[in-house]
Amino acid sequence: RFPTKDNSADAQKGLPTTIEETIKLADSGNVQAQLLLGYSYLYGENGLKADYAKAFEYYGKAALQNDPAGLNNLGSLYYGGIGVARNPAKAAILFAKAAELGDSEAAVNLGFMYISGNGAEKNKLLALDYFEKAAAEGNIIAKFMTGYAYYIGAERPQNYAKAAPLIKAAADAGIDEAQVVLADIYINGRGFPQNYN
């Protein structure tokens, strides 16, 4: 999973309008400026050319301040080997720390690592724990993963009543796989009343 940028007005409130000023602010320790520069260098946006080493540097600065988004995004770079040698084990450590601090994206990333066994020992039960935590925080991917686990009875007892609303939330958000499962839910009346329409 790749780092994401918070586009909300609050995330960019108080940031300078020029890149030079943003760099100065980031180098003085401003986390929001560091995150913006990490993203800008990663994707070559906001007047900057893509520079993975610089993206790694600025996400690293945010991570050193225990910023959850900075930790998650730095973990993503380690996982993908972007701007740094690929190191899934280091990524798992960073995702775990970010998840502890409440970053739902990091919890999802860590959940997938526990499913795949790439960077963390395979542990589907622990993966589902992380998906449930992120789902409770509103993460759509986590809602689908948790709902689907209840739907098929994987690592949790099968429970259509718990599964259906989680899968519907993911389907309503545009997750293709969730839409397919939701159709099955309505066809068979599992968790919601049968409804062929």
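Predicted model: local features only at pLDDT ≥ 70, side-chain atom pairs only at ≥ 80, totals over all residues.
Visitor: At what angle do H4 and H5 pack?

Guide: Helices are DSSP runs (H or I, at least four residues) numbered from the N terminus, and angles run from 0 to 180 degrees between N-to-C directions of axes fitted to C-alpha atoms, for helices over the stretch in contact. Here H4 (residues 52-64) and H5 (residues 68-80) pack at about 140°, with their axes 7 Å apart. That makes H4 oblique to H5, since angles under 35 degrees count as roughly parallel, over 145 as roughly antiparallel, 65 to 115 as roughly perpendicular and the rest as oblique.

Visitor: Which residues make the contact?

Guide: Contact means heavy atoms within 4.5 Å, and among the residues making it are Phe56 and Tyr59 of H4, with Leu74 and Tyr78 of H5.

Visitor: Which residues of H6 are buried?

Guide: Buried means under 20% relative accessible area, with exposed over 50% and partly exposed in between (1.4 Å probe, protein chains only). In H6 (residues 88-100), the buried residues include Pro88, Leu94 and Phe95, and their cover includes H5, H7 (104-116) and H8 (124-136).

Visitor: How many residues of H3 are buried?

Guide: In H3, 11 of the 13 residues are buried, so this helix is largely enclosed by the rest of the structure; Gln34 and Tyr41 are among them.

Note on methods:
Residues numbered from 1 in each chain as written. Heavy atoms only, no water. Helix = DSSP H or I, 4+ residues; strand = E, 2+ residues; numbered from the N terminus. Expected span 1.5 Å × (residues − 1).
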